[in-house]
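Reader: Could you take a close look with me at one part of this model, and then show me what else there is to see around the chain?

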Amino acid sequence: MVDLSIACGGLELANPVMPASGTFSHELSEVIDFNRLGALVTKTVTPEKRLGNPTPRVSELPDGMLNSIGIPSSGAEHFVREIIPLYARFSVPLVVSISANTPDEFAELSAWVSVPGVAAIEVNISCPNLEDDGRAFAMRPEPTLQVMQNLRSATDLPLWAKLTPNTGDIAAVARAAEAAGADALVVANTILAMSIDIETMRPTLGNVMGGLSGPAVKPITLRMTYQCARAVDIPVIGCGGIASAEDAVEYLLAGARAVQVGTATFVRPGTMDEVIAGIAAYCRRKGFNRVVEMIGALDADMLVPDVMEAAQ
Ligand SMILES: Cc1cc2nc3c(=O)[nH]c(=O)nc-3n(C[C@H](O)[C@H](O)[C@H](O)COP(=O)(O)O)c2cc1C
């Protein structure tokens, strides 16, 4: 028997596999056994009710999907009263994803959702900061530091900072989140992208631009996970394009302590189960008795330390 248990971001997980926010909800428990997962992660909740973006909100691409859902939310009050209790019957830790428009709103919301039944808060700082011309908090280190510091003083729950790939220096942002007291990083949210229907000559999304996810993003978020894992001491949770155990193993070898599965669950709801079984099979084949032994076990000499040179 391979020991798949892992300590990650203030939690003890039975295994390192969990859903990505927004691609999972309690209704899915009719199809998959939640108690087999490492953790449960909710759709992002915002302080107030929000409708989301104009339609169409999703568009399928050959190797992934574009979405501009825009975080429709029933608001924090409804979420705490109606949604959190729906997860009480499951034995695995519940991680609540939150988003807000300003650092102060983030702090208030974190206090709201710090209720019994919530094990950790995932902070979706890939969203626009209204006090910074709408740039996402996690695009730069300073706003990341500020919002995470605000959150740190507002709740005692473990804080996982979910970073955006839409930044030039993700390692610097990762270090800022760590310095502010984040307990883990999730790397990463979707990549800003667009597509056009050449017959109608219109964007395929009502919002014109949206977030790319699925297999197309994996090499990029894998590289970012590797960079973040080298830059910080807190755990990094890899997220982007994981559709098989082999994909998850790549992330773990690159230094991720856990992984999140998003778009693949839409295609095959049983993907997370397959990933858990496949990680155990890989460990057995490679002689690892515990999954922790393979984390960061990538055999790589950084011959060219400068990342820009590496790309040439
Ligand atoms: C339809 C859809 C909705 C999403 N909603 C959220 C969300 O509410 N909050 C969030 O942090 N990420 C959200 N994401 C991003 C995913 O959690 C994940 O970071 C991203 O899709 C990359 O993983 P994947 O390639 O496995 O899907 C959403 C992604 C999709 C496809």
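Author: Two strands pair if DSSP finds at least two bridges between them, and strands (E, at least two residues) and helices (H or I, at least four) are DSSP runs numbered from the N terminus. This is a predicted model, in which local features need pLDDT of at least 70 and side-chain atom pairs count only at pLDDT 80 or more, while totals for chains, interfaces and linings use all residues. Residues are numbered from 1 along each chain, and side-chain values use heavy atoms, leaving out hydrogens and water.

Let's settle on strand 15, residues 236-239. Strand 15 pairs with strand 10 (residues 184-187) in the parallel sense, over 3 bridges. Within that pairing, V186 has I237 of strand 15 as its bridge partner. Strand 15 is also joined by 3 bridges to strand 16 (residues 258-261), and these two run parallel as well. Here C239 stands opposite Q260 of strand 16. In a regular strand, side chains alternate between the two faces of the sheet. Which residues of strand 15 lie on each side? V236 and G238 are on one side, I237 and C239 on the other, and all four are buried (under 20% relative accessible area, with exposed over 50% and partly exposed in between, using a 1.4 Å probe and protein chains only).

V95 counts as buried because its relative accessibility is 0%. Leaving aside residues up to four places away in sequence, V95 touches (heavy atoms within 4.5 Å) L11, A39, L40, V41, T42, A120, I121, E122 and W160. One of these, A39, is 56 residues from V95 along the chain, yet their C-alpha atoms are separated by 7.0 Å.

An antiparallel arrangement is there to see too: 4 strands form an open sheet in the order 5-6-14-11. Its edge strands, strand 5 (58-61) and strand 11 (191-194), each pair on one side only. Inside this sheet, strand 6 (residues 64-67) and strand 14 (residues 209-213) pair antiparallel over 3 bridges, and L66 has L212 of strand 14 as its bridge partner.

Finally, have a look at a helix pair. Helix 4 (residues 170-179) and helix 5 (residues 218-231) have axes, as lines fitted to C-alpha atoms over the stretch in contact, that come within 9 Å and cross at roughly 45° on a 0 to 180 degree scale between N-to-C directions. The contact involves I170, A171, A174, R175 and E178 of helix 4, together with M224, Q227, C228 and A231 of helix 5.
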